[in-house]
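Please open the model in the viewer and display the side chains.

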Amino acid sequence: MSTEPDTAPGTETGINANMLRDSEDRISATWLWNLREALAEGEVEDVVALMEPLHAADTGDVLESLDHDERLALVLTLGDRFDYSALTEIDESVRVELMEALPNADIARGVSGLDNDDAVFILEDLEHKDREEVLSKLPTFERLSLKRSLDFPEESAGRRMQTDFIAIPPFWTVGQTIDYLRSEQDLPDEFYQIYVVDAGYQVQGTIPLDKFLRSNRETRIEDIMNTQVILVDASEDQEEAARDFERYDLVEVGVVDESRRLVGVLTIDDMVDVIHEEADEDMKLLGGVGDEDTSDNTLDTVRSRSPWLVVNLITAVLTSLLIGLFDATLEQMVALAVLMPIVASMGGNAGTQTMTVTVRALAMRELDGRRLRRLITREMVVGVVNGVIFAILIGLVTAIRFGNVQLGIVIGLAMVINMIVAGTAGILIPVALDKAKADPAVSSSVFVTTITDMVGFFAFLGIAGLWFHLF
């Protein structure tokens, strides 16, 4: 909970929404204190004066800065003036917790009138019973539209699409279309192109607004439409749809169902959110923290992290058993116990570097057969070069520190072997997991570090035992 600001707000501070953020672009402690005081004292007008000018994204930041009871009080105090699109801007755990506390009637009133994609984003977090109750309170057309979107798989284009779009027949003229746009009341708030469809809503072409506005009124739509149309299947994964936006520099794209009928559109603002979410997800998975958010409670955080810590414990035990096989070698020279973590650590870091590049390339669909072979060759050569460089460095340091040239040669050879293995494992393990339909971002790091640890220890202690036995 935020502490009280150094100077309590007075008449010189006032209640000013323009003071929302401080010089570091964080929620101002003074502004937040004003809001909390207004909520605690039930000053509805003061709460409205603070919140009403805010953008939905800023409202989301405010919600995350408040405690659970304060969030609920804020939403209930604002009532109809609360913009429910702000719920799309906050962590999932905060959103779910807040919606569980809100009456379904309030949620239904709040999502009614939102863009289809925002409403779906909010409703998909509700339990099935609560979702059905909320939907039952919405107008028929809106209810059916939302149900159709919710029937598509999670994280699919159908869940992300907006169902409001401009669709016209090809035999219209530009003038007829302009008159239609001027007279029709139920149009999207924002749109970037017009879709040309036949009687069955099969897409025939598209017209960008810039081209449309430059055409004469008498021009027929079919004469100026683009027939090379990029479309997205409603069941397609949202990450694949975002990749189409990146590859073809799209601003908007049509979404079609299994019958190839136009059912919605995806816009660039939604795809930016998808790209951010997918990158955030991959980064968390690489660290073994699942879908954890900063707002999660202690129990949820423990549940998220424990499974992979258990896997790490098991692999650590296996590594310790491997080391135990060389206890006689370690007894002969204590310096080996001091030096062996260096080999494993360097191999682990090198493997993680290669693995990160590989996982990113797999996520971007950049690894075809030729590129994969080239990447494997490159990383093996990099492993050899880095291995030789660091073998020379650590070999010299070891020889000088312990006064034992042979020990320096042993650790140098082990370093070369482990760096080559690290580079190779950093590629092959993510690729193998991807081929097996497993997410390489989730489990690659565990396997790569296990292999580099075990190979590092085995190479170092094995070469040491053999070297000192022979020499």
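The stops below concern aromatic rings and a strand hairpin.

This is a predicted model, in which local features need pLDDT of at least 70, side-chain atom pairs count only at pLDDT 80 or more, and totals for chains, interfaces and linings use all residues. Residues are numbered from 1 along each chain as its sequence is written, and side-chain values use heavy atoms, with hydrogens and water left out.

Begin with the aromatic pairs, of which the structure holds four; rings of Phe, Tyr and Trp (its six-membered ring) pair if their centres lie within 6.5 Å, and planes under 30 degrees apart count as stacked, over 60 as edge-to-face and the rest as tilted.

Select Phe 165 and Tyr 195: the ring centres are 6.4 Å apart and the planes stand at 80°, so this pair is edge-to-face. Phe 165 lies in the loop between helix 10 (157–160) and strand 1 (167–168), whereas Tyr 195 belongs to strand 2 (residues 193–197), 30 residues apart. Helices (H or I, at least four residues) and strands (E, at least two) are DSSP runs, numbered from the N terminus. Both Phe 165 and Tyr 195 are buried, that is, under 20% relative accessible area, with exposed over 50% and partly exposed in between (1.4 Å probe, protein chains only).

Tyr 201 takes a positive phi near 60° in the hairpin of strand 2 and strand 3, which has five residues between the strands.

Next, select strand 2 and strand 3 (residues 203–208), which pair in the antiparallel sense over five bridges; pairing requires that DSSP finds at least two bridges between two strands. Val 196 has Gly 205 in strand 3 as its bridge partner.
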